[in-house]
Amino acid sequence: MEAVLEKQSYMLIGRHDIEKLMRLDPSSAYLPILPGQFNMENNSLDAETIEVELELSELLLNLRPIKQENLIHDDNKLILLASLSDSLEYVADSIERLGQTTRKLSNHAEGKYHHSRSDSAPTRSLASFVQDYRKLAVDCLKVLRIEMQLETIFHMQGMSNTEYLDDQDAEEPDDFIISLTAQITRRDEEMAPFISNAKRNYIFGGICGVAAYTSIKALVDMKAINLFGVQQIYRNTIALEQALVAIPSINSEAVQQRLDRVRTYYELLNMPFEALLAFITEHIHLFSAAEYANLLSVQVPGREVPPDAQDRVSEILSL
């Protein structure tokens, strides 16, 4: 409670809309409360995953500005939550085994078809303990997943106010990306001794989706961007991809697919208008109508956009 009290991530997992989306998210297969083995291929970029990611990312982005004091900034508290989740699951498993042993001994002593009221009461009590401990274990993981998504938005929210109009090619990613990737790497390394790869996948697996969504949405608030600016965003996505795929449990193909979409989106800004129209015609569903429209709204030095550009794009998208 000391770690999460009054923190945004803890309050968000109790919100009905957030909780519903987290439950629908295919990544919930990594949670210990579900039966069966963890599905390590579950983080692929299928239609269901995309839909849930977009809805959740939009809800989280609407919380901006994210303030540092509302985040769990102490890495030790995050490690505590991760190890606590693992310990709670172990206790739940132990109690479950105890309940099974108790039932077997009771059945053996009393006979296969004889169950008194006093015999079944302890079993029900043990089952309720198992349920409570597993729920707490899951809540710890949910807090950590949302926390890393909020941290991602916290670092990247300044992107919207940046004018990417440098007069030369930069050699490094933006400072906020350097800070974010360093944090991801450090926290993953510090949590690794305490939790399984599947749980690390769940905690850090939500970063890429919200980062990709934030990057594309940032264009709405940008006033201008040039060729060097596009290259800088490309460099940012490469740095983020390298940090995420370095986590052994992360599905590197899914990360690449999400960030390739960002890179493709910003590369469209370098296209002449007629070439952009041809691309939209061939890839109508790759981006939303609003995302295609935003490509025309931002100022790109040297790019000529005709007065009826928006109408022509809308006409293509309505076919």
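A: In this predicted model, helix H9 (residues 227-245) and helix H10 (residues 252-267) have axes that come within 10 Å and cross at roughly 175°. Angles over 145 degrees count as roughly antiparallel, and H9 and H10 are therefore roughly antiparallel to each other.

On the H9 side, the contact is formed by Val230, Ile233, Tyr234, Thr237, Ile238, Leu240, Glu241, Leu244 and Val245. These residues meet Ser252, Val255, Gln256, Leu259, Val262, Arg263, Tyr266 and Glu267 of H10.

Met222 and Tyr266, together with Ile225, are the residues with the most contacts inside the largest nonpolar core, which has 83 residues. Helix H5 (residues 117-156) supplies the largest share of this core, with 11 residues. As a general point, nonpolar side chains in soluble globular proteins tend to be buried together.

The axes of helix H3 (residues 47-61) and helix H8 (residues 207-217) come within 9 Å, and their crossing angle is roughly 65°. That angle makes H3 roughly perpendicular to H8. The crossing in which H3 passes H8 is right-handed. From H3, the residues making the contact are Glu53, Leu54, Ser57, Glu58 and Leu61; from H8, they are Gly209, Val210, Tyr213, Thr214 and Lys217. The residues of the contact of H3 with H8 divide into four nonpolar, three polar and three charged.

Both pairs belong to a protein chain with 13 helices and zero strands. Along the sequence, the chain accordingly reads α-α-α-α-α-α-α-α-α-α-α-α-α. Of its 319 residues, 46% are buried. Among contacts in the chain with a separation of 6 or more, 81% are between residues 24 or more positions apart.

Conventions:
Residues are numbered from 1 along each chain as its sequence is written. This is a predicted model: local features need pLDDT of at least 70, side-chain atom pairs count only at pLDDT 80 or more; totals for chains, interfaces and linings use all residues. Side-chain values use heavy atoms; hydrogens and water are left out. A nonpolar core is a set of buried Ala, Val, Leu, Ile, Met, Phe, Trp, Tyr and Cys residues joined through side-chain atoms within 4.5 Å. Buried means under 20% relative accessible area, exposed over 50%, partly exposed in between (1.4 Å probe, protein chains only). Helices (H or I, at least four residues) and strands (E, at least two) are DSSP runs, numbered from the N terminus. Axes are lines fitted to C-alpha atoms, for helices over the stretch in contact, and angles run from 0 to 180 degrees between N-to-C directions. Angles under 35 degrees count as roughly parallel, over 145 as roughly antiparallel, 65 to 115 as roughly perpendicular and the rest as oblique. Contact means heavy atoms within 4.5 Å. A crossing is left-handed if the near helix is turned anticlockwise from the far one by less than a right angle, and right-handed if clockwise. Ala, Val, Leu, Ile, Met, Phe, Trp, Tyr, Cys and Pro count as nonpolar, Asp, Glu, Lys and Arg as charged, and the others, Gly among them, as polar.
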